Amino acid sequence: MSGEKSLFTRIIEGEIPSFKVFENEHVYSFLDINPATLGHVLVIPKEPAPYLHELSVESASEVGKALPRICKGVLEATGATSYNIIQNNGSEAGQTVFHVHFHIIPRYQDSTHNFTWKPLKLNKNDASLLAKEISGHIY
Ligand code: AMP
């Protein structure tokens with residue numbers, strides 16, 4: 001990892017302006033500059049980890065605690081009743097800013113954004129081995 005500050009750390013530190021909606025000791029939240037829909041906000045830990053699996057337990061739990069509160073605020077402010085949470089890790093997954101962030105994207109009747117995939121069939125022969133393999137790597 002380079003020693004350079006991420007774009008989002010620069011936002012947290014006020015070096016780059018943002019439209020803040022929430023802040024506490026561990027978490028910062030602000031409007032996305034290119035919203036998918038009205039009320040699209042980003043929720044970030046102040047800890048500058050690029051990927052979710054690198055976050056400390058403390059930061060992860062603080063983000064987890066803040067997310068439902070911020071979702072509720074977005075819904076009450078926009079009148080939306082549906083929303084998506086998107087969290088990209090790695091450029092192949094569409095991540096462009098390498099500082100953990102959760103997108104809260106309200107969904108309205110006329111919203112057209114899409115996060116679909118072609119569902120495969122779970123291979124039942126491999127599934128129990130795969131589940132054990134993943135399970136064995138959760139510490
Ligand atoms: P991702 O593609 O998941 O890495 O999302 C990065 C998000 O950061 C995009 O939705 C951008 O629109 C948003 N973004 C980039 N720069 C800024 C900024 N200066 N202020 C607010 N949002 C930003």
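The following legends describe several close-up views of one predicted model.

**View 1. The whole chain and the order of its elements.**
In this predicted model, the chain has three helices and five strands, and, read from the N terminus on, these elements follow one another in the order α-β-β-β-α-β-β-α. Taken along the principal axes, the C-alpha atoms of the chain fill a box of roughly 50 × 45 × 25 Å.

The ligand sits in the largest pocket, where 16 residues lie around the ligand, and Asp32, Asn88, Thr96, His101 and His103 are the ones that come nearest. Sorted by class, the shell around the ligand has eight nonpolar residues, seven polar residues and one charged residue.

Two elements, helix H1 (7-12) and strand E2 (27-31), each supply at least two residues of the shell around the ligand. The element that gives the most to this shell is H1, which contributes three residues.

**View 2. Polar atoms facing the oxygen atoms of the ligand.**
For Thr96, a backbone N or O atom lies 2.6 Å from an oxygen atom of the ligand, and for Val97, a backbone N or O atom lies 3.1 Å from an oxygen atom of the ligand. His103 takes part through its side chain instead, with a polar side-chain atom that lies 2.8 Å from an oxygen atom of the ligand. The ligand on its own has 510 Å² of accessible area, and the protein covers 84% of that area.

Helix H3 is made of 13 residues, 124-136, and reaches 19 Å from its first C-alpha to its last, which is close to the 18 Å expected at 1.5 Å a residue.

Methods:
Residues are numbered from 1 along each chain as its sequence is written. This is a predicted model: local features need pLDDT of at least 70, side-chain atom pairs count only at pLDDT 80 or more; totals for chains, interfaces and linings use all residues. Side-chain values use heavy atoms; hydrogens and water are left out. A residue is near a molecule or strand if one of its heavy atoms lies within 4 Å of it. A polar contact is a pair of N or O atoms within 3.5 Å; within protein, one must be able to donate a hydrogen and the other to accept it, and residues adjacent in sequence count only if both atoms are side-chain atoms. Accessible areas come from the Shrake-Rupley method with a 1.4 Å probe; for residues, only the protein chains shown count as cover. On a 1 Å grid over the protein atoms alone, a cavity is a set of points where a 1.4 Å probe fits but cannot get out, and a pocket is an open set with protein on both sides within 12 Å along at least five of seven lines; lining residues have an atom within 4 Å of a point. A molecule sits in a cavity or pocket if more than half of its atoms lie within 2 Å of its grid points. Helices (H or I, at least four residues) and strands (E, at least two) are DSSP runs, numbered from the N terminus. Ala, Val, Leu, Ile, Met, Phe, Trp, Tyr, Cys and Pro count as nonpolar, Asp, Glu, Lys and Arg as charged, and the others, Gly among them, as polar. The expected span of a helix is 1.5 Å times one less than its number of residues.
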